[in-house]
Amino acid sequence: MAQIIDGKVLAAEVRETVASEVQKIKAQGGTVRFAAVLVGEDPASQIYVRNKQRACEKVGIEFELHTLPATCQYEDLTTLIRRLSADVKINGVLLQLPVPESVVGNRLTEILNLIDPQKDVDGLTIANLGKLADGVNGLVPCTAQGVLYAIQSVCPDLTGKNVVMIGRSRIVGRPTSLLLTNHDATVTICHSRTRDLAQYTRNADIVVVAAGCPGLVTAKMVKKGAIIIDVGINRLPDGKLVGDVDFVNVEKVASAITPVPGGIGPLTIAFLLKNIVVAYCRQRVC
Ligand code: NAD
């Protein structure tokens, strides 16, 4: 049976370091402040933002929520993002995704790039993704950092490991594959157009999946002893939350596996907190 990689325990470790860094900053008279922007009333997004607020408050980061109605204009959003980016009292700015299409149309990238790269704690601006591609330390997307931390909890050295990354999104798949490559893994990126996915996953020492397809990775697709990182979050019709892995059967073949919930989700929030403090320190040169 595989070892369960407990994301809640790992996230608590990360939060503890962040909390002590925030305490040091406060002792020197500083304030770490984070602003989240929420457009519209999507219930899932409201929950995600509330979780971020709670997490910030627990470690002593000041949290500001800026909301706009789904009926707002594109310019209302750009004005707000520009204002927050220019505000010297704010160290991190995040636009909660997804943003209603009625507001952004196909200009989401343009909006994200209005965030000052030094405050882009989600790591989604072209500047930060470019740095990651170049192997330079910018602000790295939180889920990618969570995946690396989870892997390193059971396999500290990724050198030469065969990794299959399923998913190539800007938020998860691409940055994760770059980060793992920067740690000397040999990464193959698979996606919805990949032919015979199993042919790749069967040879992988580590499989990371972020596809949004329940049951996509089955036991037959996994090499004995592989490490399985499940980023997917899917709500089934009965209300149950599951990942992209057939957990019950894959657990019997893998050497280590992340559960859903309680795996990469808590780590993603912990690394958001970490990014906010990193952003503060770079802005203040502390
Ligand atoms: P996305 O829809 O933007 O991208 C999905 C990717 O998976 C695409 O690149 C697509 O090509 C690939 N894909 C889809 N079906 C596939 C298939 N059958 N075979 C191979 N590849 C396939 O989604 P995303 O934003 O990257 O999110 C992916 C999943 O991760 C979702 O379930 C999302 O809820 C979850 N997620 C979790 C966290 C977390 O903190 N745990 C963070 C972000 C996203």
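Begin with helix 11, which contributes five residues to the lining of the second largest pocket, the most of any element. Please note that this is a predicted model.

Next, select Asn137, Gly138, Val140, Gln145 and Asn275: among the 20 lining residues of the second largest pocket, these lie nearest its centre. The volume of the second largest pocket is about 300 Å³. Colouring its lining by class will show nine nonpolar, eight polar and three charged residues.

Now turn to the largest pocket, which holds about 1,500 Å³ of space. Centre the view on Tyr48, Ile233, Gly265, Thr268 and Ile269, the closest to the pocket's centre of the 48 residues that line it. Then highlight the elements with two or more residues in this lining: helix 1 (7-27), helix 2 (43-59), strand 4 (92-95), helix 7 (142-152), strand 9 (234-235) and helix 11 (264-284).

Which element gives the most to the lining of the largest pocket? Select helix 2, which supplies nine residues.

Finally, colour domain 1 (30-116) and domain 2 (142-265) separately. The largest pocket lies between these two domains, because both give residues to its lining.

How values were computed. Residues numbered from 1 in each chain as written. Predicted model: local features only at pLDDT ≥ 70, side-chain atom pairs only at ≥ 80, totals over all residues. Heavy atoms only, no water. 1 Å grid on protein atoms, 1.4 Å probe; cavity = no way out; pocket = protein on both sides within 12 Å on 5 of 7 lines; lining within 4 Å. Points joined across faces, edges and corners; volume = space filled by probe spheres on them. Helix = DSSP H or I, 4+ residues; strand = E, 2+ residues; numbered from the N terminus. Domains from an automatic or database assignment. Nonpolar A, V, L, I, M, F, W, Y, C, P; charged D, E, K, R; others polar.
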